[in-house]
Amino acid sequence: MVGNDHDTAFVKFDRVQKSYDGETLVVKDLNLGIGKGEFMTMLGPSGSGKTTCLMMLAGFETATFGDILLDGKPINNIPPHKRGIGMVFQNYALFPHMTVGENLSFPLEVRGMGKDEREKKVKRALDMVEMGKFGGRRPAQLSGGQQQRIALARALVFEPELVLMDEPLGALDKNLREQMQFEIKHIHDNLGVTVVYVTHDQSEALTMSDRIAVFDDGRIQQLATPDDLYERPENAFVAAFIGENNTLRGKVVGVDGDHCTVRLDDGSKVEALAVNIEGEGARSTLSLRPERVSIAPETADNVFEGVVQELIYLGDHIRVRVSVGGNDDFIVKVPNSANGRQVKKGETLKLGWSKADCRALDPS
Ligand code: ADP
């Protein structure tokens, strides 16, 4: 079981497995509960099984094993159009021969709604995405961003309780994508609709989601709020996948309650938080965020020397790449202030970090 709301969840994946070829499982024993009104994102690299999960929930794919429940009822045998789920995909999928208004009216018509009510709902949905003036246009007369807004309005027009979105902003440029992220989040907050969102873009996931399920290799690696995922990754995959991360590798040589000592491959020792280790003698990957490393600390649990390899100027801060404990790609962030210390290539820096910020994880 993942998440503590599993039993009362609005959407529930219960021991779901999926194989397309009868041999390889691309979704392996998925247990996931999604609360009513929640914005849940499935985040992970390409091929990790996110879209397959969404397609099973939508009804376009069937689970090989296990159940999917909506509002407590199994939906395995309900066809997609009877599930009452709104959907938005990357490639809009608007009907090209229909006007925007007709595109939006269509899902209402198939539900047998009368003309007056249809018009009211179409207007409301268009206003919601700030496209009220575009009802008479055809999709080809709209920009990519506008078409995606219409696709969003069409997914919402019949007021579904659940909306699925698969990389809906993938085709848009960066500025528009960020604006649409904000708008989708705003609509979600206003309507209280449950959203299941698929993306491989971690910043999109961190910006929009109540919780994120990080997928890799057909499994959820961690399910948590955005800040928990960043601050408290539970394994080496999540630590590396979310945000920037420094790794140091070694062997656990001592465990003391919540903390442990890891001897790095170059012989030096690091004090760390024992998050997910097999015990004394086991290999461990240490994970440490660059912004948690201080330069020339007065005192610190861990003090190391690092030789500066490279400086990258980034406006408000400077990224400094140093060699530390056998890692030549160890990144430190130095604030860029006029009276700040000038760091130079080739110099040796004294670096320090707290054991609470250094997470000892299982390397696999
Ligand atoms: P993601 O959305 O994380 O990129 P997918 O769910 O699309 O991952 O794919 C998971 C795995 O299933 C991949 O190895 C992919 O090649 C395979 N796959 C996806 N769709 C099909 C299909 N229709 N037939 C066969 N294999 C598929």
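C260 sits in strand β12 (residues 259-264), where helices (H or I, at least four residues) and strands (E, at least two) are DSSP runs, numbered from the N terminus. This is a predicted model: local features need pLDDT of at least 70, side-chain atom pairs count only at pLDDT 80 or more, and totals for chains, interfaces and linings use all residues. Residues are numbered from 1 along each chain as its sequence is written, and side-chain values use heavy atoms, with hydrogens and water left out.

Back to C260: its relative accessibility is 1%, so this cysteine counts as buried. Buried here means under 20% relative accessible area, exposed means over 50%, and partly exposed is in between (1.4 Å probe, protein chains only). Setting aside neighbours within four places in sequence, C260 is in contact with V252, G254, V255, V270, E271, A272, A274, I277 and A360, a contact being heavy atoms within 4.5 Å.

As for overall dimensions, the C-alpha trace spans about 75 × 50 × 35 Å along its principal axes. The secondary structure comprises eight helices and 20 strands. Of the 364 residues, 49% count as buried. Among contacts with a separation of 6 or more, 67% come from residues 24 or more positions apart. The accessible surface of the protein is about 17500 Å², and carbon and sulfur atoms own 47% of it. Accessible areas come from the Shrake-Rupley method with a 1.4 Å probe, and for residues only the protein chains shown count as cover.

Next comes the ligand. The residues around the ligand are Y20, V26, P45, S46, G47, S48, G49, K50, T51 and T52, each having a heavy atom within 4 Å of it. A backbone N or O atom of G47 lies 2.7 Å from an oxygen atom of the ligand. For T51, an N or O atom in the side chain is 2.8 Å from a ligand oxygen atom, and for T52 the corresponding side-chain distance is 2.5 Å. Taken alone, the ligand exposes 560 Å², and the protein buries 55% of that.

E38 is placed in the loop between β2 (27-34) and β3 (39-43). With a relative accessible area of 10%, E38 is buried. The side chain of E38 makes a polar contact with the side chain of R211, at 2.5 Å. A polar contact is a pair of N or O atoms within 3.5 Å; within protein, one must be able to donate a hydrogen and the other to accept it, and residues adjacent in sequence count only if both atoms are side-chain atoms.

Helix α2 (residues 100-109) has seven of its 10 residues buried, so the helix is largely enclosed by the rest of the structure. Those buried residues are V100, G101, N103, L104, S105, P107 and L108. Their cover includes α3 (115-128) and α4 (144-156).

There is also an open sheet of five strands, running in the order β15-β19-β16-β17-β18 with antiparallel pairing. The edges are held by β15 (294-295) and β18 (327-335), each with a single partner strand, so one side of each has no neighbour in the sheet. Two strands pair if DSSP finds at least two bridges between them. Strand β16 (residues 302-313) and strand β19 (residues 348-353) are joined by six bridges in the antiparallel sense, and the bridge partner of E305 in β19 is K350.

Finally, a couple of backbone angles are worth a look. A296 lies in the loop between β15 and β16, and its phi is near 50°, a positive value in a residue other than glycine. At 48% relative accessibility, A296 counts as partly exposed. E167 has a phi near 45°, again positive in a residue other than glycine. This glutamate, E167, is found in the loop between β7 (162-166) and α5 (174-191), and at 13% relative accessibility E167 counts as buried.
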